[in-house]
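Have the coordinates open while you read.

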Amino acid sequence: MRKATRNSAKTTLLFGTSALVMAGAALAAPSAWYSFDDSGVFEDFDSMGEFGTSAPGEYWEVLVGGVDLTDSLTVPTGGATTAAFNGGGWAGSAFTEPASDRALGVIADTAGLDRSITMRLRNDTGAPLTHINVLWDLERWIEHDSTSRGGFRLQYSTNGTRWRTAPNRTFRGRLRANGDSGPNGWSDGNTRSQRDIGGILEFRNSVDDGADFYLRWEGGRISRNRNADIGLAIDNVRVDVVPAYLIPGPGVAAVCAFGFVMTPGRRRA
Ligand SMILES: [Ca+2]
Ligand SMILES: [Ca+2]
């Protein structure tokens with residue numbers, strides 16, 4: 001798992017004062033970012049631990065019904081309580097996966113209730129970013145009933161406030177409960193999963209070097225037609241550069257065209 005190496009609340013505040021860029025819009029909640037360069041970013045969530053209560057670092061925001069549960073992750077023992085959770089095997093669960101395998105998930109007990117998992121990154125490739133390769137696993141870690149279904153669709157943003165949905169079904173995953181029941185109502189998400197969802201995502205507008213961008217797994221829209229939802233989690237999130245689209249050289253030309261004077265820590269898309 002790779003983590004960001006540079007961040008501070010002070011830096012975030014400086015970004016927020018860039019009124020010309022942000023037009024007063026609020027920043028997304030993650031206060032830190034994964035530094036995204038040619039090595040890409042990989043997150044397996046296993047740092048959360050068996051009973052971890054927070055998403056990794058400060059790079060994530062988990063919302064269910066408008067409530068921020070990023071630092072209130074639970075290990076539900078059954079039922080359909082609206083929550084965020086850290087899925088995975090745990091001691092005594094009778095699952096075969098090691099307790100160290102965690103996933104980041106949400107469950108909502110109301111049809112269509114907003115739910116989302118947001119990841120913040122910063123383009124540190126040294127060039128404008130036009131395409132990224134995004135892959136993730138969708139896992140089902142808790143069961144509600146035999147007809148429940150739910151999923152995520154991938155969205156992206158360059159400011160954390162205006163979101164665009166990835167343009168085709170390649171970036172959507174959906175799972176349905178099968179009526180099988182695991183320990184305490186849990187299903188083993190690693191055996192009820194979709195692997196490597198995603199592909200090459202083209203940004204509508206390129207992300208400047210040094211600028212933030214956000215990926216969001218949105219689950220309310222495609223889970224709206226059922227009375228309740230199953231517990232869904234993402235795992236093994238991989239974000240990589242697409243070499244064919246990586247523009248060499250400094251990525252400041254587009255920014256300077258607007259007449260901004262850029263200093264480290266003050267730039268935003
Ligand atoms: Ca994991
Ligand atoms: Ca897993």
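1. A term to begin with: a residue is buried if 20 or more other C-beta atoms lie within 10 Å of its own, exposed if 12 or fewer, and partly exposed in between, with C-beta atoms placed from the backbone. By that rule N236 comes out as partly exposed, because it has 18 C-beta neighbours inside 10 Å. N236 sits in strand 14, and its phi is positive, near 50 degrees, though the residue is not a glycine.

2. Some housekeeping. This is a predicted model, where local features need pLDDT of at least 70 and side-chain atom pairs count only at pLDDT 80 or more, while totals for chains, interfaces and linings use all residues. Residues are numbered from 1 along each chain as its sequence is written, and chains are lettered from A and ligands numbered from 1 in the order in which they are written.

3. How confident is the predictor? pLDDT is its confidence in each residue, from 0 to 100. The chain averages 78, and 71% of the residues score at least 70. Over residues 2–26 the pLDDT is below 50, and this stretch has 36 contacts in the model beyond near neighbours in sequence; a contact here means two residues whose C-beta atoms, placed from the backbone, lie within 7 Å. Residues 251–269 also stay under 50, with 33 contacts beyond four places in sequence. I'd read both ends with that in mind.

4. On to the overall picture. The chain has three helices and 14 strands; these are DSSP runs numbered from the N terminus, helices being H or I of at least four residues and strands E of at least two. Of the 269 residues, 45% are buried. Among contacts between residues at least 6 apart in sequence, 79% join residues at least 24 apart.

5. Which residues touch the most other members of the largest nonpolar core? They are V62, A84, L104, V106, L121 and I234, in a core of 54 residues. Such a core is a set of buried Ala, Val, Leu, Ile, Met, Phe, Trp, Tyr and Cys residues joined through C-beta atoms within 7 Å. Strand 8 (residues 129–142) gives the largest share, seven residues. As for A84, its contacts outside four places in sequence are V62, V64, L69, S72, L73, G105 and V106. In soluble globular proteins, nonpolar side chains tend to be buried together.

6. Strand 8 deserves a look of its own. This strand is mostly covered, with 10 of its 14 residues buried. Strand 8 runs antiparallel to strand 12 (residues 193–207), with nine bridges joining them; two strands count as paired if DSSP finds at least two bridges between them. L129 has V207 as its bridge partner in strand 12. Strand 8 also pairs with strand 14 in the antiparallel sense, over nine bridges, and there L138 stands opposite I234.

7. Strand 9 (residues 149–157) is another one to trace. Five bridges join strand 9 to strand 11 (residues 172–176), and the two run antiparallel; R149 is bridged to R176. Strand 13 (residues 212–218) is also an antiparallel partner of strand 9, over five bridges, with E218 as the bridge partner of R153. Strand 10 (residues 164–165) pairs with strand 9 over two bridges, again antiparallel, and Q155 stands opposite T165. Strands 9 and 10 form a hairpin with six residues between them, and G160 in the turn has a positive phi of about 80 degrees.

8. Two aspartates to check. D212 belongs to strand 13 and counts as buried because it has 24 C-beta neighbours inside 10 Å. Its C-alpha atom is 9.3 Å from that of Y34, 178 residues apart along the chain. D229 is in the loop between strand 13 and strand 14 (231–241), and is buried because 29 C-beta neighbours lie inside 10 Å. The C-alpha atoms of D229 and T81 are 9.8 Å apart, with 148 residues separating them along the chain.

9. Phi is positive here, about 65 degrees, although F45 is not a glycine. Most residues other than glycine have a negative phi. F45 lies in the loop between strand 2 (41–43) and strand 3 (60–64). Is F45 buried or exposed? Buried, because 24 other C-beta atoms lie within 10 Å.

Notes
pLDDT is the predictor's confidence in each residue, from 0 to 100.
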